[in-house]
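I opened this entry to keep track of what I looked up, going from one chain as a whole to single elements and then to a contact between chains.

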2 protein chains.
Amino acid sequence: MTTSITLAYLGPAGTFTEDAARQYRPDATLVPCPTIPAIARAVLDGSAEQGVFPIENSLQGAVTDTLDLLIHGDGLHITQEIAIPISHCLVMKQGTDLGAITTVYSHPQALGQCREYLERKFPNAEVAASLSTAAAVQQALNSPTPAAAISNRRAAELTGAEVVEEGVQDNPNNVTRFVVLAKADHAPTGRDKTSICFSFAADKPGQLYWAMGEFAQRNVNLSKIESRPTRMGLGQYYFLVDLEGHREDSVVKEALTNLGKATSLLKVFGSYPRYTLPL
Amino acid sequence: MTTSITLAYLGPAGTFTEDAARQYRPDATLVPCPTIPAIARAVLDGSAEQGVFPIENSLQGAVTDTLDLLIHGDGLHITQEIAIPISHCLVMKQGTDLGAITTVYSHPQALGQCREYLERKFPNAEVAASLSTAAAVQQALNSPTPAAAISNRRAAELTGAEVVEEGVQDNPNNVTRFVVLAKADHAPTGRDKTSICFSFAADKPGQLYWAMGEFAQRNVNLSKIESRPTRMGLGQYYFLVDLEGHREDSVVKEALTNLGKATSLLKVFGSYPRYTLPL
């Protein structure tokens, strides 16, 4: 008998975060949570083993709540990353007359991502805002007049709505990233990635360059780098870096030890297998 | 007689982008545009002299449309940046009974940014989505039952709605950035900033480190750095860098010349005065 994992995620069912959770562990028992801090609490108090968090989401941009949790929170580490291509669908109640549609519901950013499609297909329909793409499907189903929604396929399947057309976003390259957080990160696999955050006590030219040198000299490739203002004072930044390798690899370990001596803050969010988008 | 400038911005009136435009040039004639490409067209065809674009917006995250325009578009340059603190207000129709409010309207991300406040203040009210914070005020005013909206002060003033409370966002440090684009960037002022974008033909370890060395060796401070996947192929990135100085400063010029020789793409978005947030 196998015991399936319990996975908290940003609900409700039918969102893109649920898609990511289901793709990551199809066998998991999924626990929808209303907010990002609620997912973290579920993992920390043991009611879920891991949590799936959007980190760069096409509907939310950079997900500040998740970054704040990694930077300021304690006890949670990245054990996996997931990237999924976002495919928006046009969905409606079974049997609705496509030509009669007067309103299209969705989250404002999903509507924005499908603007050209909607103008072409429904030049006279009104667009109306929903709290989520999942809620949009409910609004379309409950509408007294013929209505459609923009959502993912899953939200349509959950409610018995009809998927009229798939991939209706204007830009086909729409990928969003999620991280799986747990009480411990992942053991080395030989093809790993490590996410770290650091900052310096004072802002001096060349500091970040020096820090990157610690990795460059050891041939550790950086796959992502981002500066974010700390807002604790002018000219102070957090640097968020993804590097190739595991924190237990000797070269990475050395670089992190040196970095720790020169920075006012160094936080290793975790080491985890590198993710390759399925083709 | 002074001739005031014509400024295109992301409308409608009452949005935070309008706030930014009004703060930048209180004397300007403002032209609301429905989309980011429409602002660009207005500046390029001369119907507006400059355009105000959100670039990191609290309601939209990183504004991909603006970044795409800078990276892939031609003929527009950054001539100014603006940062404004975002202050959400609770607004309602004059004379509404605060205790009777059943629905609070706003853009889903504004609702998210005020979640704790709303749960504390209106534990029993429903939250409902709007396409923008400005549209939320209209929905609250038109509601048959007592309703409120989350918006900026300006949207309330434009419609005669009452501002019940100001600064109701859960996180007080909510600042969003805008750029002003025109056909030419700004002349040197002695306290400037330059935004550039570059990428390499192939992804090799240490390239970004080398590029940063061109600036570090010349004591040119970098105030922002960000990598973004190009999505043209795996492992390919755009690097977006803000540096202190003007593209006409000799040290910046030298660094950019060297950078141009080693990169497959180098684009100077523009040089413009450094912005300091008013206290």
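In β2(B), I found Thr29(B) as the bridge partner of Thr6(B). I note at the outset that this is a predicted model.

I then looked at the strands themselves: β1 (residues 6–10) of chain B pairs with β2 (residues 29–33) of chain B in the parallel sense, and I counted 5 bridges for this pairing.

For chain A as a whole, I listed 9 helices and 15 strands. Its C-alpha trace spans about 65 × 50 × 35 Å along the principal axes. Of the 279 residues in chain A, 43% are buried. Taking the contacts in chain A with a separation of 6 or more, I found that 71% are between residues 24 or more positions apart.

How do the two α8 helices, residues 207–216 in chain A and residues 207–216 in chain B, cross, and at what angle? I noted that their axes come within 10 Å and that the crossing angle is roughly 145°, while the crossing of α8(A) and α8(B) is left-handed. On the α8(A) side the contact is made by Tyr209(A), Met212(A), Gly213(A) and Ala216(A), and on the α8(B) side by Tyr209(B), Met212(B), Gly213(B) and Ala216(B). Sorted by class, the residues in this contact of α8(A) with α8(B) are 6 nonpolar and 2 polar, with no charged residues.

Conventions. Residues numbered from 1 in each chain as written. Chains lettered and ligands numbered in written order. Predicted model: local features only at pLDDT ≥ 70, side-chain atom pairs only at ≥ 80, totals over all residues. Axes fitted to C-alpha atoms, helices over the stretch in contact; angles between N-to-C directions. Helix = DSSP H or I, 4+ residues; strand = E, 2+ residues; numbered from the N terminus. Left-handed = near helix turned anticlockwise from the far one by under 90°. Contact = placed C-beta atoms within 7 Å. Nonpolar A, V, L, I, M, F, W, Y, C, P; charged D, E, K, R; others polar. Pairing = 2+ DSSP bridges. Buried ≥ 20, exposed ≤ 12 C-beta atoms within 10 Å, placed from the backbone.
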